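Please read the points below beside the sequence and the coordinates. They run from single residues to the chain as a whole.

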Amino acid sequence: MNEISIITPDDWHLHFRDGDMLQETVLATARCFQRAIVMPNLVPPVTNAQMAKDYKQRIVEATPKESQFEPLMTIYLTNQTTQQDIKDAKAAGVVAAKLYPAGATTNSDAAVSQLDALNPVLETMTEVDMPLLIHGEVTDHVIDIFDREKIFIEEKLTRIVNQFPQLRIVLEHITTKEAVDFIQSGSSKLAATITPQHLLLNRNDLLVGGIRPHNFCLPVLKRNIHQQALREAVASGSKKFFLGTDSAPHEKHRKENACGCAGCYSAWSAIELYTQVFEELNVLDNLEAFASLNGPNFYQLPVNQTHITLVKESWTIPEEITLPNGNPIVPFFAGQTINWKLKV
């Protein structure tokens, strides 16, 4: 097969950041995605309806005028989030609320420290039918970083699902066989996003031959047995899994230092890399459902009416991209040749 046409996909999990960087990140996403769930972990975080409206306006201003791209906004749950905050956000068109355990990833210091205190908020989210998006990791220092997702599912997520069985929940950027099994065994209210980096890489690609900072993301890459479980999940055609890049840009100097900011900037090549994975798995027929159907169906949104075409054509992802401020950013799979290209 040398060409494939699919309904225009959506990205159900990404980070645009803010300010001048929007001129790069929004354009990169709008080239092939019609909608995207925008993460709220700015500084300060997007915690209420008005902040979500303001952030959406900045994104819209950075969107090419000829584009049909639509940002779908979220709010950031904190220990101070109220039930009224949820109602106001729902009324303002905010599509979901994001739960970060405090300290789990970039800009998560303001996040929830005690999950039980969030119960009234989750009750209201269930009432207004607002999905809960979860970064599923515990952050206790005694827990090995490679076990954080597994322990979160066992100790936290199982309890949330049992207490709020009607709450729609998306476990974001899953990385483990345990997560795949948990989602598969759950009700129709439970789903997960899967990133290109976790389908393409395992922890060898982060650590062997020296640390590779541009492959560092959170949740961190896991053993190849977990990578294989994710690949089997997307190959299965299950409606419970859908596309979420977790595209997360950081300037080059912030990735290549002692901080080693977490995140892979995959927007430049995401749909092409997903296509390559599905071809490797010999399930190209499943790509459209994963990229374009399962997400809208779970979020109860209409399926897009337009299409994109990918052609079997080799191209090389740039080594660097220059941001509007003049600083470079290194895209995911920088300098590597891939086999599918978006037809424009």
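1. F333 sits in the loop between strand 12 (328–329) and strand 13 (337–342). Helices (H or I, at least four residues) and strands (E, at least two) are DSSP runs, numbered from the N terminus. F333 is not a glycine, yet its phi is positive, at about 65°. Because its relative accessibility is 12%, F333 counts as buried; buried means under 20% relative accessible area, exposed over 50%, and partly exposed in between (1.4 Å probe, protein chains only).

2. This is a predicted model, in which local features need pLDDT of at least 70 and side-chain atom pairs count only at pLDDT 80 or more, while totals for chains, interfaces and linings use all residues. Residues are numbered from 1 along each chain as its sequence is written, and side-chain values use heavy atoms, with hydrogens and water left out.

3. R17 is a residue other than glycine with a positive phi, near 65°. R17 lies in the loop between strand 2 (11–14) and helix 1 (22–30). Is R17 buried or exposed? It counts as buried, because its relative accessibility is 13%.

4. Two cis peptide bonds deserve a look in the coordinates. One joins V43 and P44, with omega about -5°; P44 is in the loop between strand 3 (35–38) and helix 2 (49–62). Another joins L218 and P219, with omega about 0°. P219 belongs to the loop between helix 8 (204–207) and helix 9 (224–235).

5. V121 is part of helix 4 (residues 119–128). With a relative accessible area of 3%, V121 is buried. Which residues does V121 touch, leaving aside those up to four places away in sequence? They are L77, T81, T82, Q83 and I86, where contact means heavy atoms within 4.5 Å. V121 and S238 are 117 residues apart along the chain, and 30 Å separates their C-alpha atoms.

6. The largest nonpolar core has 89 residues, of which L77, M125 and L132 touch the most other members. Helix 11 (residues 270–280) gives this core its largest share, 6 residues. Another core lies apart from it and has 14 residues, among them W12, V170, F242 and Y299. A nonpolar core here is a set of buried Ala, Val, Leu, Ile, Met, Phe, Trp, Tyr and Cys residues joined through side-chain atoms within 4.5 Å. In soluble globular proteins, nonpolar side chains tend to be buried together.

7. The protein chain contains 12 helices and 13 strands. Its C-alpha trace spans about 50 × 45 × 40 Å along the principal axes. The radius of gyration is 19 Å, which agrees with the value near 20 Å that a compact globule of 344 residues would have; it is taken over C-alpha atoms, and the globule rule is 2.2 Å times the number of residues to the power 0.38.

8. Of the 344 residues in the protein chain, 56% count as buried. Contacts between residues at least 6 apart in sequence join residues at least 24 apart in 73% of cases.

9. The protein chain has 30 positive and 40 negative side chains, and the centres of the two sets are 2 Å apart. Lys and Arg count as positive and Asp and Glu as negative, with His and the chain ends not counted. Each charge is placed at NZ of Lys, CZ of Arg, CG of Asp or CD of Glu.
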